[in-house]
Amino acid sequence: RGTCPLPRRSTVESRDSIPSHCPSRDSINSDDTAGGGGGGGGGEKRLSELGVEEVCGWLAGLELGEYAEVFRANKIDGEMLVELGDTELAEDFGITNKYHRRRLLRRLATGRL
């Protein structure tokens, strides 16, 4: 199973726009257009279900890809990701920019991609 060359974005028009080898392709909720917004349930993947490489892609989708290597080196998967706090992001992961931490923490608070 290869890594996805495209950053994972929170909204995707169609799962067909993602290459078939991308691990996040199957996590796209195919009911988004019929259900109106895709905010509630369905087949949408939660952050806690992501693997390490998917977390790195998620960071890139937030325009925070410069931190992907430290997350990869620490083997941060979705389960670990959702438990991270502001102090850990700053001290352990070197995210010294408070606005970058704020962006990341806001998305973590939703628990969704």
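This is a predicted model: local features need pLDDT of at least 70, side-chain atom pairs count only at pLDDT 80 or more; totals for chains, interfaces and linings use all residues.

Student: OK. How many salt bridges are there?

Tutor: The count is four, taking a salt bridge as a side-chain nitrogen of Lys or Arg within 4 Å of a carboxyl oxygen of Asp or Glu. Behind that is a general point: side chains of opposite charge can pair when their charged atoms come close.

Student: Which residue does Glu 53 pair with?

Tutor: Arg 72, with the closest N and O atoms of the salt bridge 2.8 Å apart. That pair links distant parts of the chain, since Glu 53 sits in helix H2 and Arg 72 in helix H3, 19 residues apart. Helices here are DSSP runs of H or I with at least four residues, strands are runs of E with at least two, and both are numbered from the N terminus.

Student: Is Arg 72 buried, exposed or partly exposed, and which is Glu 53?

Tutor: Arg 72 has a relative accessible area of 30%, so it is partly exposed. Glu 53 is at 33%, so Glu 53 is partly exposed too.

Student: What about Asp 86, which partner does it meet?

Tutor: Arg 101, in a salt bridge of 2.7 Å, N to O. This pair also links distant parts of the chain: Asp 86 is in helix H5 (residues 86-91) and Arg 101 in helix H6 (residues 98-110), 15 residues apart. Asp 86 is partly exposed because its relative accessible area is 38%, while Arg 101, at 11%, counts as buried.

Student: Which residues end up in one network?

Tutor: Glu 53, Glu 69 and Arg 72, joined by salt bridges that share partners.

Student: And Glu 54, what does its side chain meet?

Tutor: The side chain of Lys 45, in a salt bridge of 3.0 Å from N to O. Both Glu 54 and Lys 45 are buried.

Student: Back to H2, then. How many of its residues are buried?

Tutor: Seven of its 10, so H2 is mostly covered. Among them are Val 55, Trp 58 and Leu 59.

Student: What do those buried residues pack against?

Tutor: H3, H4 and H6, where contact means heavy atoms within 4.5 Å.

Student: New topic: where is Glu 63, and what is its phi?

Tutor: Glu 63 is in the loop between helix H2 (52-61) and helix H3 (68-73). Its phi is near 65°, a positive value in a residue other than glycine. At 56% relative accessibility, Glu 63 counts as exposed.

Student: And Lys 75, what's its phi?

Tutor: About 55°, positive although Lys 75 is not a glycine. Lys 75 is in the loop between H3 and helix H4 (78-81), and its relative accessible area of 62% makes it exposed.

Student: Last one: where does Glu 49 lie, and how far is it from Val 82?

Tutor: Glu 49 is in the loop between helix H1 (32-35) and H2. Glu 49 and Val 82 are 33 residues apart in sequence and 9.9 Å apart in space, C-alpha to C-alpha. With a relative accessible area of 47%, Glu 49 is partly exposed.

Key. Residues are numbered from 1 along each chain as its sequence is written. Side-chain values use heavy atoms; hydrogens and water are left out. Buried means under 20% relative accessible area, exposed over 50%, partly exposed in between (1.4 Å probe, protein chains only).
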